[in-house]
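Here's a walk through one model, written for someone who likes cut-offs spelled out. Have a look at the coordinates, then read on.

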Amino acid sequence: MCNIAFHTKQKIFLLVIVLSYTGVSFCQQSAIVPQPVKLITSSTDKDKFILKKDCSIISDQDFLTEAKILFDFFERATGLSLKVGGVKDTLLKGEKIVLKKDTVVVLPEEGYILDVTGKGIQIRAKGSAGIYYGCMSLIQALAYAERLGGYFIPAMQIVDYPRFTWRGLMLDCSRTFISLEYLKKTIDRMSFYKLNTLHLHLTDDQGWRLQIEEYPLLTSKGSFFDPRYNEPKEFEGFYSQRDIRELIRYAKERHVQIVPEIEVPGHSHAALYAYPELSCSGEITPVFPFFAGPNMTENDVFCAGNGDTYPFFKSVIKGVTNIFPSPYIHLGGDEVGEKAWKDCKKCNSLMISKNLGTKSELQGYVMNRVGEYVTAAGKRPIGWDEVFHTGVGKEWIIMIWRQSDRGLNAVKAGYDVILTPHTNLYFDFDYNRTSTEKVYSFEPIPDGLSFEEEKHYLGIQGSFWNHIDRTLAKTDFQLYPRLLALSERSWSEKSVTDYDNFRKRLAAHRFWFDYFEINDSGRYWNVIR
């Protein structure tokens, strides 16, 4: 939604920022988050790029989407409607912001170079992701000064690229349904801070949220709470395939990949309520809110010895791969109870026939079979760190949430890992337990590893389980400003560890919290937690 009136009520705040820079080098005061790899600035007035109504955005053909997004930012933040055109558009006058493809520049795929002078702005990159991130840094540098006649960008040169390829956020859409509108807002916010992966936890005990045409009961029965619990309607429901395709389109424009998670074989009460014949007992109670039932039904697992379990997952994975272009599918695998399998004749018969000595090995058998459906589609399966102990293949990526060794054992064994430890990066915990500083202080890679071992660390993500804070306002409160600390930890160099510097830059982002309509954003600035 474009709210042109936004700029009129925010000029004072941007003016305060500018006044705070007086007599101080922008090199010290730049408020860009995450902190760029290299930043050189000038604080003289003649070097500033003054935004005027006759300025234009000139873009290579490949970057017209990024040019339009940049136009929208400037229009809503400043009220200025800049002209947008191609490199051959000779009719555009005034100073120019140029988005330029550079196939020679030696930078990673998402890297960019941003040059700002009083005469013009140029953003160069190999591809559209780098151009997009250069645009986000440019927008974050926006300031306002009456003596300069309005909005300006300080002179600077930035050379920037990310430390990790996976810079993510997990949202739990199962325990409480999250609207498509909120997911789009989240994509806007996270991409602004150069996070590039939205991991959607789509299935769990509290709901199956993705339409699978071959199994319609998954959503007609499995996405709604039993009426006896009188749950708010906005807490339940599902995404149609059309919804997801629209979300993927929206995310792609902002260089965010959406990674779906389908829980296998546990955390499956909702799916088994829809199709109880796939459980060990054949009897599954209706879907319940997390705190109204047994919380996690660890023993409501898919029957490993039921021959119909595997065609079910084959069809589900086929449906998921047809919808999601992501090269990854998360298959869960955490907190799988053993009682149901222990008491099941079919499961025990399978263990004997496959020479499986433990229930962990039985889980590994299930994970590997379902994982084969993922790899057959040309994608990689991801599993929570429990699957590392079940014997899954090296094609699996291990997502670390429990292990205090930061995935070291998995890396030493040759697995790729993504870190989201509950000790530092679970955003459902309150700020007393997991402060913004604690998020910021997390260093993913242990010392003493070889270069080849370090390459197994794909990245990090914050995870938000929404069984406690279920409204959107409370979700915002839990995510922000911790998400910005995560952004800097996942993008900036390892040497960037000055939390006091981060806090000073964070203060400038009150403007952007208001811009993105983060709920109750005024509460963040009493104390930056």
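Which residue in β20 is the bridge partner of Leu 419? That partner is Ile 460. Before going further, some ground rules: this is a predicted model, where local features need pLDDT of at least 70, side-chain atom pairs count only at pLDDT 80 or more, and totals for chains, interfaces and linings use all residues. Residues are numbered from 1 along each chain as its sequence is written, and side-chain values use heavy atoms, with hydrogens and water left out.

**Around strand β19**

Helices (H or I, at least four residues) and strands (E, at least two) are DSSP runs, numbered from the N terminus. Two strands pair if DSSP finds at least two bridges between them. With that in hand, β19 (residues 416-419) pairs in the parallel sense with β20 (residues 457-464) over three bridges. Strand β18 (residues 397-400) also pairs with β19 in the parallel sense, over four bridges, and here Ile 398 stands opposite Val 417.

Both faces of β19 are covered. Asp 416 and Ile 418 are buried on one side, Val 417 and Leu 419 on the other. Buried means under 20% relative accessible area, exposed over 50%, and partly exposed in between (1.4 Å probe, protein chains only).

**Cores**

A nonpolar core is a set of buried Ala, Val, Leu, Ile, Met, Phe, Trp, Tyr and Cys residues joined through side-chain atoms within 4.5 Å. The largest one has 144 residues, and the members that touch the most others are Ile 97, Leu 99, Leu 138, Leu 210 and Trp 512. Helix α4 (residues 128-140) gives the most to this core, with eight residues. A second, separate core has 14 residues, including Ile 418 and Tyr 426. In soluble globular proteins, nonpolar side chains tend to be buried together.

Contact means heavy atoms within 4.5 Å. Leaving aside residues up to four places away in sequence, Leu 210 touches a list that includes Leu 202, Tyr 239, Ile 244 and Val 320.

After α7 comes His 255, with a positive phi near 60 degrees.

Strand β12 (residues 197-201) is where His 201 is found. Because its relative accessibility is 0%, His 201 counts as buried. Its contacts, not counting residues up to four places away in sequence, include Asp 172, Cys 173, Glu 261, Glu 263 and Trp 465.

**Rings**

The structure holds 33 aromatic pairs. Rings of Phe, Tyr and Trp (its six-membered ring) pair if their centres lie within 6.5 Å; planes under 30 degrees apart count as stacked, over 60 as edge-to-face and the rest as tilted. Phe 73 and Tyr 515 have ring centres 5.5 Å apart and planes at 10 degrees, so they are stacked. Since Phe 73 lies in helix α3 (residues 64-78) and Tyr 515 in helix α20 (residues 510-515), the pair ties together parts that are 442 residues apart in sequence. Phe 73 is buried, at 8% relative accessible area, and Tyr 515 is buried at 7%. Phe 312 and Phe 313 have centres 5.1 Å apart and planes at 80 degrees, so that pair is edge-to-face; both residues are buried.

One aromatic cluster includes Phe 73, Phe 192, Trp 512 and Tyr 515. As for charges, one sits over a ring if NZ of Lys or CZ of Arg is within 6 Å of the ring centre and within 35 degrees of the ring normal. Here are two such cases:

| Charged residue | Ring | Distance from ring centre |
|---|---|---|
| Lys 394 | Tyr 415 | 5.4 Å |
| Arg 489 | Tyr 440 | 4.7 Å |

The peptide bond from Val 33 to Pro 34 is cis, with omega near 0 degrees, and Pro 34 is in the loop between α2 (26-29) and β1 (38-41). The bond from Val 264 to Pro 265 is cis too, with omega near -15 degrees. His 267 is buried, at 4% relative accessible area, whereas Asn 355 is exposed at 69%.
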